[in-house]
Amino acid sequence: MRSIKFLILLLVVVACKKKTKPPAPVTDTNLKNGMIVLCEGLFQQNNAALSWVDFSTGSSSNTFFTDKASRLLGDTGNDMKVYGGKIYIIVNVSSTIEVMEKATGNSIKQISMMNGSVAKQPRFITFHGSNAFITCYDGYVDVLDTASLTITQRIQVGANPEGLTISNSKLYVANSGGLNAPNVDSTVSVINLQNLQEVTKITVGKNPGDIETDSQGDVYVIARGNYSNIPSRMVKINAQTDQVVTTFPFDAGGIEPMGDNFLISYYNNSTSVSNIALFDAVAETMTNASFIGNAQFTTLYGVQYRPSNQKIYCFDAMNYTNTGYVRIFSSSGTYESSYHVGLNPKKIIFYE
């Protein structure tokens, strides 16, 4: 009898175990109504990060990438852009490109940017067709196939290339030569996007950095000078002739397109004064030299315009050592609100 009772009890236990299911895996939901902010971190501190800001609650988290990938993003996050449903993050000192799924923020691949044992030190990225183009501080633009996520070609340009932009089926690359100071570069390389060959170099002024294309197809570059007796100036290149046509006589550190206008940002390292001017790129005139003034920032670190809501998002680095803020303005330059994010905010990806 005891044997029969034991057998019945064993069958009940086994049956119960068969009905018990492991907990369902946590599924990632699509991100919405918020923004991912790339925070550069500090040089050689391995503390670049992504902040997630939830617009519905106003809350922010500075551990977005670590929570998703269970590892650190790396050292010095320089650039972040969306293309073809993927987010590409350029991590300069770590010499990597982090590729994420845009919908969820999940990591797809970390691409090593090493040339043997030598770090390429990628800086900025742009896209054309099936390719991404990445400036690398070792003097090359790397071509990345966005389907296979592999480097397919290297194009030699000038010293320490920085920003890059596309116009008239050509890629324009600002060669800074910043690591060779005071013997900096002064050129913009022009690359034919059909055969991926450099066709010419344009002399624009010392230490070119930021570069953008206006709504008319002309190319503008910031020649940053030597931060001393040679001032930083904005230079216009005619993309049809590849000739410099104008050097503008005002201080300029960064360019952000806003429709037919540019937001011209400038931070004076000597006086710690920040300023954003409004420039009409069609009429080629400064319409407001103090569009957003110094009172709104501690340390202006960049500007980004969001066309969908016509808002201006300004990055405040807070003296580079404290966690920063994204400060939001209307298209007329009126302050609206701020979000507290990570260290040295640099770029934003928006979610509707």
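The structure is a predicted model. Within it, four strands form an open sheet in the order 10-11-12-13 with antiparallel pairing, and a search of the whole structure finds 16 aromatic pairs.

- From one strand to the next, the twist averages 25°.
- Strand 11 (residues 131–136) and strand 12 (residues 140–145) run antiparallel and are joined by six bridges, with C136 standing opposite Y140 in strand 12.

**Aromatic pairs**

- The ring centres of F55 and Y339 are 5.8 Å apart and their planes are at 45°, so this pair is tilted.
- F55 lies in the loop between strand 2 (49–54) and strand 3 (60–61), while Y339 lies in strand 29 (residues 335–343), so the pair ties together parts that are 284 residues apart in sequence.
- Y339 has a relative accessible area of 15% and is therefore buried, the cut-off for this being under 20%.
- F297 and F329 also form a tilted pair, because their ring centres are 5.9 Å apart and their planes are at 50°.
- Both F297 and F329 are buried.
- Y220, F248, F250, F262 and F279 are linked by ring pairs into a cluster.

**Charges over rings**

- K102 lies over the face of Y351, at 4.5 Å from the ring centre.
- R123 has its charged end over the ring of Y137, 4.7 Å from the centre of that ring.

Conventions:
Residues are numbered from 1 along each chain as its sequence is written. This is a predicted model: local features need pLDDT of at least 70, side-chain atom pairs count only at pLDDT 80 or more; totals for chains, interfaces and linings use all residues. Side-chain values use heavy atoms; hydrogens and water are left out. Two strands pair if DSSP finds at least two bridges between them. Helices (H or I, at least four residues) and strands (E, at least two) are DSSP runs, numbered from the N terminus. Axes are lines fitted to C-alpha atoms, for helices over the stretch in contact, and angles run from 0 to 180 degrees between N-to-C directions. Rings of Phe, Tyr and Trp (its six-membered ring) pair if their centres lie within 6.5 Å; planes under 30 degrees apart count as stacked, over 60 as edge-to-face and the rest as tilted. Buried means under 20% relative accessible area, exposed over 50%, partly exposed in between (1.4 Å probe, protein chains only). A charge sits over a ring if NZ of Lys or CZ of Arg is within 6 Å of the ring centre and within 35 degrees of the ring normal.
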